[in-house]
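Could you open the model in your viewer and keep the selection panel handy? We will start with the whole chain and then zoom in.

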Amino acid sequence: FKMSSLEVSEEVRQYLKTPTFDNWQWEDAEIMVLLQVMYTDLDFISTFDIELDVLQHFLYKVYKRYNNIPFHNFKHCFCVTQMMYGLIWLTDLRTKIENIDLLIMLTSAVCHDLDHTGYNNAYQINARTELALRYNDISPLENHHCAVAFEILEKTESNIFRNLTTEQYKRIREGIIKCILATDMSRHTEILNKFKAILPVFDFSNKDHRDVLMMIMIKVSDISNEARPMDVAEPWLDCLLQEFFNQSDMEKLEGLPVTPFMDRDKVTKPSSQTGFIRFVLFPLFIELANLFPCLEQHIIDPVRKALDYYTEMEKALEREKQNRTQ
Ligand SMILES: COc1ccc(NC(=O)[C@H](C)Nc2nc3c(cnn3-c3ccccc3C)c(=O)[nH]2)cc1
Ligand SMILES: [Zn+2]
């Protein structure tokens, strides 16, 4: 199935800018074209002199370097990139920050989980894997995702930045490293607190402020499944738990410490989500909505609905358990 970017209707181009976009309706080949459309519709092709065949080469190399695992696969890369793309349009960010920072944000989202193996940093460190050894236990996965991104960009035929100045390339490389490394959830509180501290005096002309905002935006995009309609979000939770259970099964086999929220004998779907939404998702989304109030209706209201849905499911499970024990 070959869908050239010319065949994407105006209706799909508009739908692609909304957080309700349903990734499950599209095949990988179509998703490749939708990613291309994002670079085109943000005017990156003309602004940064990106040749279409180089962009296609880049996206194809990226596609090949994502693995066939339940959650951190190419479809996740698309969801994160599509959410980032939607946020850029919803917040009208193009009028607030430079194009080169938008290019950094979109490209970071595309590359942010490259060659993820389905085993998180805790596993890499506990199992003393090659990645943990190579990166001295410091965000081994995120360092690897970023290194793979620049391996792809080193090749002329897939280097979408090849027509930029050395200065521009240096700035893009610094920005992509910052954004991808920020997706390590062990740094969640550090980054959120930095953002909270500058919010009252946020200044778009301050580079440090923009850097923190870019990290917050990729973090929001990365864990934003529950901001999507339930029939788009729920399958993602099944995929996530599948990957988590694969890891905890392996940890049990290898006698390694097991993370509680990954243990199939301890986790239920509602229990993993109600805590995550209340203590991780809401605080993060609320801070971003403090800067862009329009996001309240687009990403906070849907998450409130998701919390109600999982809270109800949790109560139903509780009632069922009590009936069984009586
Ligand atoms: C502070 O570090 C954390 C905090 C929470 C979690 N994960 C959870 O609480 C549970 C398993 N739920 C969850 N985790 C999620 C979601 C989306 N991404 N995501 C995720 C995936 C891989 C690694 C980390 C996270 C947060 C989601 O909708 N739910 C994982 C890491
Ligand atoms: Zn991710």
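A residue is called buried here under 20% relative accessible area, exposed over 50% and partly exposed in between, using a 1.4 Å probe and protein chains only. By that cut-off, 54% of the 326 residues of the chain are buried.

Before going further, note that this is a predicted model, where local features need pLDDT of at least 70, side-chain atom pairs count only at pLDDT 80 or more, and totals for chains, interfaces and linings use all residues. Residues are numbered from 1 along each chain as its sequence is written, chains are lettered from A and ligands numbered from 1 in the order in which they are written, and side-chain values use heavy atoms, with hydrogens and water left out.

Now select the whole chain and switch to cartoon. You will find 15 helices and zero strands, both taken as DSSP runs numbered from the N terminus (helices H or I, at least four residues; strands E, at least two). Along the principal axes, the C-alpha atoms fill a box of roughly 70 × 45 × 45 Å.

Next, show contacts, meaning heavy atoms within 4.5 Å. Among those with a separation of 6 or more, 74% join residues 24 or more positions apart.

Finally, select K155. Where does K155 sit? Its place is the loop between helix 9 (140–154) and helix 10 (166–181). K155 counts as partly exposed because its relative accessibility is 43%.
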